[in-house]
Amino acid sequence: MFLHNYIYRLKCIIRDKEFLFWTLLFPIILATLFNFAFSNITEAEKFTRLNIAVVDNEEFRQNTALQRAIKAAANSSGDKDQEGLFNIRYTSKEEGDKLLEDREIEGYIYLDNGIKLVVKESGLSQSIIKGFMDHFMQLSSTLETIIRKDPQSMERGILDKAEAAINYLKEVAPSKSSPDIVVNYFYNLIAMACMYGGFWGLKEVTVIQANLSSQGARINIAPIHKFKIFIVCVLAAVTVQLFEILLLLAYLALVLKISFGNQIGYIIFTCIVGTITGVTFGAFVASVVKKGEGVKIGILIGSSMTMSFLAGMMYDKMKYIISTKVPVIGYLNPANLITDCFYSLYYYGINTRFFINIGVLCVFIVFFSLCTYLILRRQKYASL
Amino acid sequence: MLVYKAFFKIIKKNMAQIAIYFVIFLFLAVFLASIYTDPANMDFMESKIDMVFISHDKDSKLVDGLKEFIGERANFIPIANDEQKLRDALFFREVEYIVRVPKGFTQAFMEGEEIRLEKTVVPGSASSVYMDSLINKYLNTARLYVDNIEGLSQQQLADYISEDLSHQAEVLMLNPDPDKRLNEKRTYYFNYLAYSLFAILVLGISAALKVFNQPDLANRNLCSPLRLRDMDFQLILGNICFAILTCLIMILPSFVMYRGHMFTLKGLLFILNTFVFSLAVLGISFLTGNIVKSRNAISAVANVLSLGTCFISGVFVPRDFLGDTLLKFASLTPTYWYVKSNHIIGSMERLKEEDVRAILTSFIVMLVFAVTAFAVSMVLKKQKYMRQVRGF
């Protein structure tokens with residue numbers, strides 16, 4: 001009997017095209033769009049060689065030290081950490097102005113009674129160029145001071161030493177995985193899809209409640225325990241939703257090549273817990289809210305969107321702001337917990353943070369299920 | 001004007017759904033306005049990097065001097081020295097650079113031993129290149145002094161370096177654009193507008209057409225004394241009025257946010273662009289309204305169309321980050337042309353001939369979209385009508 005009901009619930013669910021769209025197709029479409037939009041966004045902070053120009057006038061031709069320094073900056077030095085900084089072209093002043101106006105270059109170097117840098121706006125690229133020019137002038141000052149103090153330093157080859165810069169920094173990677181903010185958007189998307197599983201929870205509660213659907217009225221007369229049929233319904237919903245989430249996960253990992261770290265077992269485990277949270281959340285909303293179906297769906301969408309927003313789906317820093325300023329809200333937000341599970345697996349590997357998240361999610365599941373059950377049980381109707 | 005009135009009655013019934021998208025837009029617009037824009041700066045300002053500086057080497061004049069020097073070009077963010085907190089902060093770009101001075105650094109450095117600072121950064125980022133160069137500059141200068149002048153105290157060393165590093169190149173600004181930030185904001189405002197406008201028009205118009213296209217209702221209307229042409233005319237008039245009204249409501253907040261700046265040539269062009277765009281979207285909405293079968297499908301179609309076109313056309317992310325093939329594909333949507341002309345309008349400093357030509361091209365393409373979509377839906381409608389007539 002159990003299996004019979006289960007199979008028929010499954011059939012009912014997979015024939016609901018509208019909900020299938022929102023729970024399966026919509027996340028996949030959104031993932032595709034995210035991928036279009038974000039795949040190159042980290043390029044913005046990447047360093048690329050800066051295009052600059054040097055005004056090739058009389059004063060520049062006389063300044064051989066500067067010429068040498070600029071040439072050195074354009075070529076990559078031996079150290080693999082330090083690629084060449086600049087792509088350089090030599091122009092006249094007028095041409096430099098025009099290139100700058102057309103944004104072909106970030107700035108140009110111009111010698112006119114001293115070294116000048118001409119730029120169009122303030123920014124990081126311009127600061128890097130200025131840093132280089134500063135360095136040239138500062139180095140001269142250092143050498144002057146030293147030679148004045150100790151004229152013999154010239155003979156000891158101080159000039160060569162000055163040019164051989166040492167790299168005093170060694171890079172310590174933050175994690176085995178790169179701090180790629182983009183993955184968080186996709187983790188968020190899975191969390192949203194899990195919460196959209198609430199659609200199924202909502203549908204199942206509607207189906208077994210006599211005052212919500214005529215089907216529910218019929219089921220209530222049938223000689224089956226309410227709890228049993230409820231479990232069957234939720235199980236069917238979880239089955240379908242889990243299947244959809246795994247499909248989404250496969251699409252993200254295999255087609256879009258989003259990195260999830262390498263803890264496949266734990267990732268799937270997170271999906272299962274997230275799915276059950278979503279479905280029970282939907283059942284909870286459906287049983288607590290005593291209004292029409294439209295209102296329930298509205299609340300479901302509204303709350304899952306709010307959760308996703310607070311977990312950083314629209315603005316990546318939101319998650320960080322919440323977790324540092326008001327961590328309580330982070331723990332009360334299932335979407336954030338699911339996102340954080342994926343995030344901590346990716347960035348930190350398996351650690352206590354992951355298990356705390358899973359633990360809190362389980363508390364939510366128990367809470368939602370218990371409330372739903374307490375509301376649904378033993379309802380009697382004088383008339384329908 | 002019975003049909004015209006009925007059209008707006010249906011729109012009113014769907015107001016709740018439509019209002020959601022307007023609220024989303026308002027939220028985006030207000031959020032945009034709340035981002036602080038520093039006043040137009042005509043002088044050059046060096047960039048500051050958000051970073052964490054952790055020193056395990058106490059009581060070192062050298063390290064203090066280093067910190068002071070980079071402090072002029074960095075914002076030190078106070079974050080507890082907790083491994084996970086620091087790594088979180090780096091991931092979410094609260095800080096971009098974490099540097100640790102190991103214990104005994106100064107002593108080793110003064111004695112000429114090889115010792116390095118530890119940095120944790122976003123690999124390959126421009127900000128790390130910048131900060132690397134600053135730190136290396138300071139320490140290399142110190143190295144030169146330590147190697148060449150004997151018996152230098154830490155304090156003397158720090159003083160020498162700070163004297164040297166006060167020499168700076170002079171930076172001149174070439175015709176800086178004081179309204180640059182404002183123009184960028186305005187461009188984003190009108191870009192975001194595309195999303196909500198698209199969703200609202202598709203939702204509203206499709207919902208209304210759906211009602212008029214119900215077979216029984218359509219048949220009943222056909223045998224009414226009102227001529228089909230009049231009916232269509234009123235319906236189209238209703239559509240156009242709805243589009244213009246939506247447009248006006250969406251543009252309204254910009255007058256509150258940008259005030260006088262909207263009464264300029266740029267402001268006018270932004271508005272004109274939006275109107276032309278809304279005609280193209282109107283055409284598409286008219287088409288979807290005539291194609292889509294079920295009521296439930298409307299919101300799905302509205303979401304997919306508006307989100308989809310906006311994502312691939314560069315509404316939510318700058319265009320430079322989108323692939324070329326994708327952009328070619330996106331140019332098959334009016335949103336692409338709308339965003340394109342928005343960017344031209346936003347970034348031009350004076351009206352150049354090539355800019356005018358590019359903007360006009362966009363306008364024409366959008367109008368072609370409008371006319372084509374409209375023509376196709378009229379043909380579909382006619383076919384349906386003929387089928388219906390034959391059916392009797």
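This is a predicted model: local features need pLDDT of at least 70, side-chain atom pairs count only at pLDDT 80 or more; totals for chains, interfaces and linings use all residues.

Trainee: What separates the centres of domain 1 of chain A and domain 2 of chain A, taken over C-alpha atoms?

Mentor: Chain A is divided into domain 1, made of 2-41 + 181-376, and domain 2, made of 47-163. Taken over C-alpha atoms, the centres of these domains of chain A are separated by 57 Å.

Trainee: What is the corresponding separation of the centres of domain 1 and domain 2 in chain B?

Mentor: For chain B the domain assignment gives 2-37 + 177-391 as domain 1 and 49-164 as domain 2. Over C-alpha atoms, the distance between the centres in chain B is 53 Å.

Trainee: Is the crossing of H3(B) and H6(B) left-handed or right-handed?

Mentor: Helix H3 of chain B spans residues 61-71 and helix H6 of chain B spans residues 126-148. They pack at an angle of about 140 degrees, and their axes are 10 Å apart. The crossing of H3(B) and H6(B) is right-handed.

Trainee: Which residues make that contact, and how many of them are nonpolar, polar and charged?

Mentor: H3(B) contributes B:Leu62, B:Gly65, B:Leu66, B:Phe69 and B:Ile70. From H6(B) come B:Met131, B:Leu134, B:Ile135, B:Lys137, B:Tyr138 and B:Ala142. Sorted by class, the contact of H3(B) with H6(B) has 9 nonpolar, 1 polar and 1 charged residues.

Trainee: How many residues apart in sequence are the parts tied together by the salt bridge of A:Arg89 with A:Glu104?

Mentor: The closest N and O atoms of A:Arg89 and A:Glu104 are 3.9 Å apart, and the salt bridge cut-off is 4 Å. A:Arg89 lies in strand E2 (residues 86-91) of chain A, while A:Glu104 is in the loop between helix H5 (93-101) and strand E3 (107-111) of chain A, so the parts joined by the pair are 15 residues apart in sequence.

Trainee: What separates A:Asp97 and A:Lys93 within helix H5 of chain A?

Mentor: A:Asp97 forms a salt bridge with A:Lys93, with 3.7 Å between the closest N and O atoms. Because the two are 4 residues apart in helix H5 of chain A, the separation of A:Asp97 and A:Lys93 is about one helical turn.

Trainee: Where are the two ends of the salt bridge between A:Lys317 and B:Glu94?

Mentor: The closest N and O atoms of A:Lys317 and B:Glu94 are 3.4 Å apart. A:Lys317 is partly exposed at 21% relative accessibility, and B:Glu94 is partly exposed with a relative accessible area of 24%. The pair crosses between chains, from helix H14 (residues 317-325) of chain A to the loop between helix H4 (83-91) and strand E3 (97-101) of chain B.

Trainee: How many salt bridges does the count give over all chains?

Mentor: Some residues are linked in a network of salt bridges, namely A:Lys130, A:Asp134, B:Glu46, B:Glu72 and B:Arg73. Over all chains, the count of salt bridges comes to 25.

Trainee: How many of the residues of helix H9 of chain A are buried?

Mentor: Buried means under 20% relative accessible area. The buried residues of H9(A) include A:Trp200, A:Lys203 and A:Glu204. Helix H9 (residues 198-208) of chain A is largely enclosed by the rest of the structure, because its buried residues number 11 of the 11.

Trainee: Is A:Asp340 buried or exposed, and what is its relative accessible area?

Mentor: A:Asp340 lies in helix H16 (residues 334-347) of chain A. Leaving aside neighbours within four places in sequence, A:Asp340 is in contact with A:Lys319, A:Arg353 and A:Asn357. A:Asp340 is buried, and its relative accessible area is 7%.

Trainee: What covers the buried residues of H14(A)?

Mentor: In H14(A), the buried residues are A:Met318, A:Lys319, A:Tyr320 and A:Ile322. Their cover includes H8, H13, H15 and H16 of chain A, together with H4 of chain B.

Trainee: What is the phi of A:Asn113?

Mentor: Most residues other than glycine have a negative phi. A:Asn113 is in the loop between E3 and strand E4 (115-119) of chain A, and is exposed with a relative accessible area of 73%. The phi of A:Asn113 has a positive value, near 55 degrees.

Note on methods: Residues are numbered from 1 along each chain as its sequence is written. Chains are lettered from A and ligands numbered from 1 in the order in which they are written. Side-chain values use heavy atoms; hydrogens and water are left out. Axes are lines fitted to C-alpha atoms, for helices over the stretch in contact, and angles run from 0 to 180 degrees between N-to-C directions. A crossing is left-handed if the near helix is turned anticlockwise from the far one by less than a right angle, and right-handed if clockwise. Contact means heavy atoms within 4.5 Å. Ala, Val, Leu, Ile, Met, Phe, Trp, Tyr, Cys and Pro count as nonpolar, Asp, Glu, Lys and Arg as charged, and the others, Gly among them, as polar. Domain bounds come from an automatic or database domain assignment. A salt bridge is a side-chain nitrogen of Lys or Arg within 4 Å of a carboxyl oxygen of Asp or Glu. Buried means under 20% relative accessible area, exposed over 50%, partly exposed in between (1.4 Å probe, protein chains only).
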